[in-house]
Amino acid sequence: MSERRTGDRAADAGDTALETLGRSSGPASLILSSLADGAKHGYALTKDIESFAGIRLAPGTLYEALSRLEANGMIEAVESHDRRRPYRLTATGAAALSTYLDAQRKVAEVGLRRLAGGWALT
Amino acid sequence: MTPGRAPSAPGPAPAERARARRLLLWYPKAWRSRYGDEFTELLIDERAELGPSWRRTVNVAATGLRARLASAGMAAHPVDPQAAARAGLAAMTCCAAAVIMTGGVMWSQLAIGLQWSVPEDGRITQSLDLMSAALLVIAAAAVLAAAPVAWAAFTAAIRGNGRRLRVPAALVAAGTSVLVIGGRHFENAWPGTGGHLLVQQGLVPGGVAAFGWAATMWITSYWAHPAALAAFPPSQLAWMVLSPAAAGGLLTGIAQMLRRVQMSPRAFRYETRVGLLALAGLAAFLAGALCWLFAAGGPAPLPQPGTIDLAGLAVLTVAVVAGAAAAHRAGAAAAKLKRAAPGGP
């Protein structure tokens with residue numbers, strides 16, 4: 001019984017991980033990073049991501065990721081009178097982004113350290 | 001309020017908006033009603049900044065088709081786990097129907113053929129036995145799956161909430177009635193199915209096989225031979241047009257019912273488990289059909305697989321693979337629903 005409960009909790013936690021978004025996990029991390037400093041609508045997200053990551057997300061790719069993030073409770077739509085609906089980060093999204101970026105930072109640190117060591121030997 | 005104001009202000013030309021709206025048609029209706037307006041604005045802004053782009057069009061088409069697959073239960077559903085579970089179950093039902101219809105053609109003709117000529121190769125009769133057992137499993141799964149859906153529809157009707165279920169219920173009733181009445185009538189219209197000419201010789205195959213043959217009469221290579229088809233009695237030709245329409249209506253009604261009826265997360269879990277049972281039946285039927293294909297490859301007199309049987313095998317394979325994908329999606333969505341339900345684990 002306790003094993004089952006543990007497994008279910010793990011599944012619950014897994015639902016809030018960016019990796020569960022499949023092909024959208026890459027765009028999702030960019031979107032969450034962009035929303036970390038405030039709400040933005042689709043076009044504003046595209047421009048912001050292009051400015052800090054050098055990647056221009058295509059409209060379909062952007063909204064595929066947005067819809068998945070919203071379904072997973074990581075972002076939420078903001079009420080707006082404009083047709084361009086802004087989105088903002090939720091607490092769940094902030095936690096998921098933090099976990100994801102921590103893992104990426106560890107990978108980057110290990111990779112850079114080993115790369116530096118390898119170059120030093122040659 | 002938000003950075004990155006679009007370059008299209010003060011307002012795009014109507015032609016620009018119409019062009020963006022046309023691209024939206026790649027997406028399913030539910031997606032368009034949720035994201036359509038804002039996505040249209042994004043497309044207009046993108047085009048205003050970057051000009052026309054075939055890459056953008058391809059991207060929208062590809063993601064739109066993926067959204068359509070998701071809404072049909074064939075891909076991860078981004079919007080709602082309950083909609084995903086419903087779509088997965090409906091897709092699973094469609095796959096099972098494809099197997100029952102194409103497999104029914106093979107099974108009924110093989111069963112009828114064995115009444116006339118018992119093959120020397122025992123593997124052919126074993127293949128038929130496996131296909132028969134698989135059809136029984138599929139039929140049992142259909143009954144088990146239909147019971148809670150029918151009960152939920154019945155209780156909804158009693159409580160006065162059954163308005164949305166009227167059309168699907170009517171389609172199911174009409175499709176079933178036409179198939180049963182027509183199938184029963186035409187199962188005795190051809191001597192090979194146990195027609196009246198041969199009853200006294202004991203060559204009457206099982207009524208189920210004869211019914212299966214009659215109900216799937218429209219799946220035939222005769223459509224490629226209009227001259228031969230013209231010799232058919234008009235009533236039979238009419239049946240060959242009416243029966244697929246009835247089967248389509250029945251299937252549409254079941255799929256609509258699954259998408260509209262209110263069920264608890266527990267009921268969804270039950271349905272997905274029954275779906276796995278049906279999937280096992282579909283796989284067993286495919287295995288039986290493949291065994292027949294390989295066993296009947298020699299010089300045995302009857303029954304030999306024809307081109308239409310090979311096409312049927314291709315349909316069966318696609319249906320089983322698609323059914324497995326749909327069952328997996330439905331199961332994942334049902335598990336998510338259960339976890340999200342109050343009092344869930």
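Okay, quick definition before anything else: when I talk about a helix axis, I mean a line fitted to C-alpha atoms over the stretch in contact, and angles run from 0 to 180 degrees between N-to-C directions. And please remember that this is a predicted model.

So, chain B, and a helix pair to begin with. H6 of chain B covers residues 166-186, H9 of chain B covers residues 234-260, and their axes come within 7 Å, crossing at roughly 150°. As for handedness, H6(B) goes past H9(B) in a left-handed crossing. Who's in that contact? Sorted by class, H6(B) with H9(B) gives 16 nonpolar residues, nine polar and one charged.

Next pair, still chain B. Here we have H10, residues 265-295, and H11, residues 307-340; the axes come within 9 Å and the crossing angle is roughly 160°. Anything over 145 degrees counts as roughly antiparallel, so that's what H10(B) and H11(B) are to each other. The crossing of H10(B) past H11(B) is left-handed. By class, this contact between H10(B) and H11(B) has 18 nonpolar residues, five polar and two charged.

How many helices and strands does chain A have? Five helices and two strands.

Two numbers on chain A to finish. The chain has 122 residues, and 34% of them count as buried. Then contacts: take the ones in chain A between residues at least 6 apart in sequence, and 52% of those join residues at least 24 apart.

That's me done, thanks.

Note on methods: Residues are numbered from 1 along each chain as its sequence is written. Chains are lettered from A and ligands numbered from 1 in the order in which they are written. This is a predicted model: local features need pLDDT of at least 70, side-chain atom pairs count only at pLDDT 80 or more; totals for chains, interfaces and linings use all residues. Helices (H or I, at least four residues) and strands (E, at least two) are DSSP runs, numbered from the N terminus. Angles under 35 degrees count as roughly parallel, over 145 as roughly antiparallel, 65 to 115 as roughly perpendicular and the rest as oblique. A crossing is left-handed if the near helix is turned anticlockwise from the far one by less than a right angle, and right-handed if clockwise. Ala, Val, Leu, Ile, Met, Phe, Trp, Tyr, Cys and Pro count as nonpolar, Asp, Glu, Lys and Arg as charged, and the others, Gly among them, as polar. A residue is buried if 20 or more other C-beta atoms lie within 10 Å of its own, exposed if 12 or fewer, and partly exposed in between; C-beta atoms are placed from the backbone. Two residues are in contact if their C-beta atoms, placed from the backbone, lie within 7 Å.
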